[in-house]
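Hi,

Here is the model I promised to pass on.

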Amino acid sequence: MSDNIERVKCLIIGSGPAGYTAAIYASRADLNPVLYTGMEPGGQLTTTTEVDNFPGYPDGIDGPTMMVQLQKQAERFGTDVRIGLVASVELSDTPGGIHKATVDGSKVIEAETVIISTGATAKYLGLESEQKLRGGGVSACAVCDGFFYKGQDVAIVGAGDTAAEEATYLANICKNVTMLVRKDHMRASKAMQHRVNNTKNITVLYNTEVDEVLGDQVVEGLRMKNNQTGETSEIEITGLFVAIGHKPNTDIFKGQLDMDDTGYLHTKAGTTFTNRPGVFAAGDVQDKDYRQAITAAGTGCMAAMDAERYLAEIGSVEEVQTAQY
């Protein structure tokens, strides 16, 4: 093959808990996986200061360190971890077919199996002060980080079911929760709205947006703006949770893999199989409900095992292709 074309048994697209766990299992199964990290090696956890809810870390661990350790573990078993971005794919729809991925615009990887673990990107408000304090009190995951604000005053931005669910979760551990809703109504289901409205320590502010996140190194307060009157007001808080949605990183798979309206990949129930044979999806790229490191790692394990079983069932790719032609 040309220097720009490489054949591999297992290609893993994306790092993070799902990708690295898939790599560990695929390596131990002698699939000799090649993993491309993407633009954000380690995924969303690299922006998390402390991970306190992943089993096996009694004293907690910061996200970047955890990802470095997962990478080293994958490499110890033989995973070829590469810095690079898969820019386009051509996925076969035939069992035993070869899938093609173009990396950084030039190199082509031909893969017998592909595990997609490209994750999802949390949507933020886009304020400079918000971005400055990410990891210093600004978070996109209440379940992940809410514990650190136990007994404190916090705020959450959002109006859908996720925002309502996270607001009630925070209300159980925080002193007061201020919920900012941009419109004059919530998009959440009636049941979730009733739950929010019946929780005494949640205050819902309608027609209200974040004007500025206050604080130097950590969140100290919030300046809010009423988008009907233009009036601003401030509250003291130690944590701001942004719950306005996630965007799965699946643009390069559109038109080839089945996905929902938001872009989350569909997988066969109880498996990581996509609609293309030999292509599997793990982690947040196919999970819009849990979005936790531990669930991502679990589906990464499943994807590697599904890939191994798929290859065992179809036999030699060369034999399959010879039979087809």
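First, the ground rules. This is a predicted model, so local features need pLDDT of at least 70 and side-chain atom pairs count only at pLDDT 80 or more, while totals for chains, interfaces and linings use all residues. Residues are numbered from 1 along each chain as its sequence is written, and side-chain values use heavy atoms, with hydrogens and water left out.

On confidence: pLDDT is the predictor's own confidence in each residue, from 0 to 100. The protein averages 92, and 94% of the residues score at least 70. Confidence is lowest in helix α8 (residues 317–324), with a mean of 53, and highest in strand β17 (residues 279–281), at 98. Where pLDDT is low, the predicted coordinates should not be read in detail.

Overall, there are 8 helices and 17 strands; these are DSSP runs numbered from the N terminus (helices H or I, at least four residues; strands E, at least two). The radius of gyration is 22 Å, close to the 20 Å that the globule rule gives for 325 residues, so the protein is as compact as a globular protein of that length. That radius is taken over C-alpha atoms, and the rule is 2.2 Å times the number of residues to the power 0.38. Along the principal axes, the C-alpha atoms fill a box of roughly 70 × 40 × 35 Å. Of the 325 residues, 50% count as buried (under 20% relative accessible area, 1.4 Å probe, protein chains only).

Now the sheets, where two strands pair if DSSP finds at least two bridges between them. One is an open, parallel sheet of 5 strands in the order β8-β15-β9-β10-β11. Its edge strands, β8 (138–139) and β11 (202–205), each pair on one side only. Inside this sheet, β9 (residues 153–157) and β10 (residues 176–180) pair over 5 bridges, with V154 opposite V177 in β10.

The other is an open sheet of 3 strands, β12-β13-β14, with antiparallel pairing. Here β12 (208–214) and β14 (232–236) stand at the edges with a single partner strand each, so one side of each is left without a neighbour in the sheet. Strand β12 is joined to β13 (residues 221–226) by 6 bridges, and E209 stands opposite K225 in β13.

Cheers
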